[in-house]
Amino acid sequence: MPINRLLKTGEYTPEQIDLFNRAFSLALHSMGLVDRNDPLCEIVARKVIEIGKAGALDAKGIAQAAVARIGL
């Protein structure tokens, strides 16, 4: 899963990791992405982390913002 690989490179709390994972799953589901090896999944993961680090506290909001910023 791309998001776990990306989260290993940063210093995140367990709560942040859980939040990012939930937001990532929601974003993938809303985009209809099933194959976690799809290169688009890494783009989604990076956006989720970027938005989450900015202080968003809600998985659904992070997911929606990530999908909107990707523009699909």
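Reply: Contact here means heavy atoms within 4.5 Å. This is a predicted model, in which local features need pLDDT of at least 70 and side-chain atom pairs count only at pLDDT 80 or more, while totals for chains, interfaces and linings use all residues. Residues are numbered from 1 along each chain as its sequence is written, and side-chain values use heavy atoms, with hydrogens and water left out.

Leaving aside neighbours within four places in sequence, Val-44 is in contact with Phe-24, Ala-27, Leu-28, Met-31, Leu-33 and Ile-70. Val-44 lies in helix H3; helices are DSSP runs of H or I with at least four residues, numbered from the N terminus. With a relative accessible area of 0%, Val-44 is buried, a term that means under 20% relative accessible area with a 1.4 Å probe, protein chains only.

Val-44 also belongs to the largest nonpolar core, which has 24 residues. Such a core is a set of buried Ala, Val, Leu, Ile, Met, Phe, Trp, Tyr and Cys residues joined through side-chain atoms within 4.5 Å. The members that touch the most others are Ile-3, Phe-20, Phe-24, Val-44, Val-48 and Ile-49. At least two residues of this core come from each of helices H1 (2-7), H2 (14-31), H3 (39-53) and H4 (59-70), and H3 gives the largest share, seven residues. In soluble globular proteins, nonpolar side chains tend to be buried together.

Val-44 takes part in the packing of H3 against H4 as well. The axes of these two helices come within 9 Å and cross at roughly 125 degrees; axes are lines fitted to C-alpha atoms over the stretch in contact, and angles run from 0 to 180 degrees between N-to-C directions. H3 is therefore oblique to H4, since angles under 35 degrees count as roughly parallel, over 145 as roughly antiparallel, 65 to 115 as roughly perpendicular and the rest as oblique. On the H3 side the contact includes Leu-40, Ile-43, Val-44 and Val-48, and on the H4 side Ile-62, Ala-65, Ala-66, Arg-69 and Ile-70. Its residues divide into nine nonpolar, one polar and three charged; Ala, Val, Leu, Ile, Met, Phe, Trp, Tyr, Cys and Pro count as nonpolar, Asp, Glu, Lys and Arg as charged, and the others, Gly among them, as polar. Finally, the C-alpha atoms of Val-44 and Ala-63 are separated by 8.7 Å, although these residues are 19 apart along the chain.

Definitions and conventions
Buried < 20%, exposed > 50% of the residue type's maximum accessible area, 1.4 Å probe, protein only.
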